[in-house]
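Biologist: I would like to learn how to read the packing in a model like this one. Could we go through it feature by feature?

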Protein chains: 2
Amino acid sequence: MNIIISGAYQTKCGELWDKSLDDLIIESIDGSLVDASLEKKDIQAVFLGNKMASQVSDQNHLSALITQILGHCVPVVRVEAACASGGVAVSQACLALESGQYDNALVIGAEKMTDLPIDEISYALMHAASECERDAGLSFVGLYALMAQHYLQTFGATEQDLAFPAIKNHEHAKLNPNAQFPFSISAEQVMQSAMVADPLRLLHCSPITDGAAALILENKQKKSNQVQIAASVQTGETLSLSERKDITVLESTKKAAQLAYTQVGVSPEDIDLWEVHDCFSIAEILAVEDLGIFPKGEGFIGIRNQECAINSKNPVNISGGLKACGHPVGATGVKQVVEVYNQLKGRAGARQLDNPKVGLTHNVGGTGGTVVIHVLKK
Amino acid sequence: MNIIISGAYQTKCGELWDKSLDDLIIESIDGSLVDASLEKKDIQAVFLGNKMASQVSDQNHLSALITQILGHCVPVVRVEAACASGGVAVSQACLALESGQYDNALVIGAEKMTDLPIDEISYALMHAASECERDAGLSFVGLYALMAQHYLQTFGATEQDLAFPAIKNHEHAKLNPNAQFPFSISAEQVMQSAMVADPLRLLHCSPITDGAAALILENKQKKSNQVQIAASVQTGETLSLSERKDITVLESTKKAAQLAYTQVGVSPEDIDLWEVHDCFSIAEILAVEDLGIFPKGEGFIGIRNQECAINSKNPVNISGGLKACGHPVGATGVKQVVEVYNQLKGRAGARQLDNPKVGLTHNVGGTGGTVVIHVLKK
């Protein structure tokens with residue numbers, strides 16, 4: 001795959017009370033167009049990741065809204081795959097460009113979550129789980145808590161070990177001006193925060209976030225200073241946890257990673273930075289194992305030992321991740337690609353790594369029912 | 001474009017009280033696999049069109065549900081584009097196959113609409129209109145009524161002229177065992193049916209429908225007895241009617257048709273049958289003009305003069321169309337392709353045309369904000 005990224009933009013993440021979903025979409029479109037030195041009329045196709053507009057804004061037909069914003073008869077494809085909606089949007093744009101139907105595509109991930117009361121947004125988020133899980137009274141944190149319980153019992157990790165992904169990602173977020181929570185948290189604070197679903201506490205959980213991100217992709221030959229999407233892989237997994245053989249593994253992540261590594265001809269050792277889907281602390285631990293950074297059952301040790309911090313060998317979630325940069329659900333998969341792109345372009349500001357060449361993004365829907373992996377290279 | 005259709009299936013359309021959304025999806029998957037002589041494990045990717053599951057079934061993450069049904073880590077992409085969701089799913093499948101990422105794809109359009117009270121489903125359908133249209137108190141039939149009023153005034157058509165698409169499509173539906181309303185209606189019945197939004201009456205309107213359809217597409221060289229998708233074009237248009245220069249034209253239909261005709265090298269005279277988006281009578285009249293079957297302002301005359309009936313030169317909506325076969329919104333765009341495929345394969349039963357070679361499907365989201373056209377050839 002040889003798709004070039006020619007522009008990228010991310011809004012601030014947070015409780016953006018003064019911004020509507022439309023505002024966030026418009027800001028991300030304008031920002032990415034400026035970055036790519038293109039105008040609205042130049043865009044040939046648009047791919048949008050959004051999960052919740054029909055519940056939060058009573059708005060389903062976002063595709064036509066974006067056509068209206070762009071001001072010409074451009075086709076807009078809205079995809080929805082729970083919290084992987086953004087990643088699927090990037091992936092569908094890549095495939096459409098590879099088909100030759102379009103020369104360029106604008107990808108938008110956008111989510112406005114804070115316009116609903118918290119109990120309503122929690123209920124709406126559970127639309128991404130299976131009917132039997134909902135009928136059983138499970139919440140999303142409850143589902144991930146089941147995975148965490150089984151992980152702790154199987155691999156001998158402690159509740160304290162669950163704190164380290166969150167602590168690390170908050171440290172990273174201090175370097176990101178767009179982050180929702182740019183401040184430190186301590187292990188004590190995590191352990192003393194409210195229990196949400198045993199063993200997951202409040203500070204193990206990613207927040208409710210408003211935000212958007214956009215990319216402009218082109219199907220053309222890569223120049224030396226450009227960044228390409230070298231692999232775009234989507235996989236699936238059962239909707240219900242109860243249908244899986246082992247809930248300490250996401251087979252969808254493992255399969256997507258294997259396919260992506262093969263397509264690009266790399267192994268985990270070749271990846272310079274990772275943006276992984278840390279919706280809950282346990283999710284980052286599973287991700288670093290399923291992606292092959294650490295063997296199964298040892299991810300929590302690696303993260304605890306600072307082996308995924310910004311200045312380590314395997315920097316994971318330098319943006320702050322979903323936990324501390326924020327998790328505007330349908331935007332997250334696009335935001336991850338924007339972050340890695342900015343790093344590969346050398347414009348990541350205070351959190352810039354020293355000349356990274358390859359980065360990977362990992363976006364998960366539900367409890368792994370959809371997974372999308374992108375590998376970016378410069 | 002050279003995508004082969006190797007299997008197709010459509011469920012019955014109607015108020016299917018004994019079937020859930022899952023049941024409809026499973027029936028359409030099983031039916032298309034049998035038709036293509038494939039097994040679940042053979043499917044490499046799935047594209048799903050669905051508009052309303054998050055409102056009707058509290059289910060967003062349908063993609064993972066389908067992965068679970070298929071029983072392996074297959075990627076599933078759910079697209080949503082109001083009533084064009086099905087058409088967009090077919091189109092995205094075509095582009096993904098053309099990209100070379102997959103050799104085959106299963107396309108599903110599925111909608112369960114009758115599980116909500118009628119006022120709630122009407123409100124949910126209006127999520128596909130713009131915020132300002134909703135705030136103004138407009139319903140979908142109200143929006144199309146504005147288009148109809150303007151059409152009648154501009155081109156001298158009468159209210160009686162609006163009846164003929166519905167009368168014709170009900171006659172066609174009598175030949176379709178899957179149709180929701182397989183019975184005749186008279187001009188008098190239409191004119192005496194309840195006024196919904198002046199000038200559109202109840203019998204000008206397509207119904208609330210449960211139903212599903214599925215296709216299996218393959219990226220391979222066409223054999224002589226096979227049917228190919230020769231063009232798949234999506235376009236967009238403003239979300240709000242008020243943003244358009246002329247509401248008696250769908251620019252999105254005109255542009256999509258022009259692109260499709262150019263890609264295939266055909267003109268409207270070469271098309272042997274048409275499945276067009278007749279969500280309201282006025283919509284079919286606009287469609288037959290914007291697609292180039294009749295000059296602007298003369299579509300109503302052509303339909304009135306029986307020039308779009310099953311045994312005429314330009315058979316339109318032989319299935320019964322949205323009006324009489326039914327309009328399971330997210331399934332409609334897939335169902336249209338299934339219908340044309342069955343005609344080109346010579347297996348359309350009582351409504352089979354004499355050796356048709358080229359057919360076109362026209363699927364509309366909202367009031368034209370999204371349009372998808374497919375051209376099928378044998």
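Biologist: This is a predicted model. At what angle do H4(A) and H4(B) pack?

Modeller: Two packed helices are described by the angle between their axes and by the distance between those axes. Here the angle between H4(A) and H4(B) is about 65 degrees, and their axes are 7 Å apart. The crossing of H4(A) past H4(B) is left-handed.

Biologist: Which residues of H4(A) and H4(B) meet?

Modeller: On the H4(A) side they are A:Gln92, A:Leu95, A:Ala96, A:Glu98 and A:Ser99, and they meet B:Gln92, B:Leu95, B:Ala96, B:Glu98 and B:Ser99 of H4(B). By class, this contact has four nonpolar, four polar and two charged residues.

Biologist: Which helix within chain A can I set beside that, again with H4(A) as one partner?

Modeller: Take helix H14 (residues 332–344) of chain A: its axis and that of H4(A), residues 85–99, come within 5 Å and cross at roughly 65 degrees. H4(A) contributes A:Ser85, A:Gly86, A:Gly87, A:Ala89 and A:Val90, while H14(A) contributes A:Thr332, A:Gly333, A:Val334, A:Lys335 and A:Val337. The classes in the contact of H4(A) with H14(A) are four nonpolar, five polar and one charged.

Biologist: Which residues touch the most other members of the largest nonpolar core?

Modeller: They are A:Val107 and B:Val107, in a core of 260 residues. Leaving out residues up to four places away in sequence, A:Val107 touches A:Phe47, A:Ala89, A:Val90, A:Ala93, A:Ala214, A:Leu215, A:Leu217 and A:Val334. Two of the names in that list, A:Ala89 and A:Val90, also belong to the H4(A) side of the contact with H14(A), and A:Val334 belongs to the H14(A) side.

Biologist: Now the interface. How many residues does each chain give to the contact?

Modeller: Chain B gives 48 residues and chain A gives 49. On the side of chain B, the elements that give two or more residues are helix H2 (53–56), H3, strand S3 (76–79), helix H4 (85–99), strand S8 (227–236) and helix H10 (251–264). H4(B) has the largest share of that side, six residues. The chain B side divides into 15 nonpolar, 23 polar and 10 charged residues.

Biologist: How are the two copies related?

Modeller: For chain B on chain A it is a rotation of 180 degrees with 0.0 Å of shift along the axis, at an RMSD of 0.0 Å. The two copies are therefore related as by a two-fold rotation axis. Also, 100% of the interface residues of chain B are interface residues in chain A too, so the copies meet through the same surface.

Biologist: H3 was in the list for chain B. Is H3(B) mostly covered or mostly open?

Modeller: Mostly covered: eight of the nine residues of H3(B) are buried. They are B:Leu62, B:Ser63, B:Ala64, B:Leu65, B:Ile66, B:Thr67, B:Gln68 and B:Leu70. Just after H3(B), B:Gly71 has a positive phi of about 80 degrees.

Biologist: Why does B:Leu70 count as buried?

Modeller: The test is a count of neighbours, with 20 or more other C-beta atoms within 10 Å as the cut-off. B:Leu70 has 21 such atoms, so it is buried. Apart from neighbours within four places in sequence, B:Leu70 is in contact with B:Lys40 and B:Ile43.

Biologist: Where does B:Ala231 sit, in a strand or in a helix?

Modeller: B:Ala231 is in strand S8 of chain B. It is buried, with 25 other C-beta atoms within 10 Å. B:Ala231 and B:Ser91 are 140 residues apart in sequence, yet their C-alpha atoms are 9.1 Å apart in space. Beyond four places in sequence, the contacts of B:Ala231 are B:Met1, B:Ala260, B:Gln263, B:Val264, B:His374 and B:Val375.

Terms used
Residues numbered from 1 in each chain as written. Chains lettered and ligands numbered in written order. Predicted model: local features only at pLDDT ≥ 70, side-chain atom pairs only at ≥ 80, totals over all residues. Axes fitted to C-alpha atoms, helices over the stretch in contact; angles between N-to-C directions. Helix = DSSP H or I, 4+ residues; strand = E, 2+ residues; numbered from the N terminus. Contact = placed C-beta atoms within 7 Å. Nonpolar A, V, L, I, M, F, W, Y, C, P; charged D, E, K, R; others polar. Buried ≥ 20, exposed ≤ 12 C-beta atoms within 10 Å, placed from the backbone. Core = buried A, V, L, I, M, F, W, Y, C linked by C-beta atoms within 7 Å. Left-handed = near helix turned anticlockwise from the far one by under 90°. Least-squares fit on C-alpha atoms with pLDDT ≥ 70 in both.
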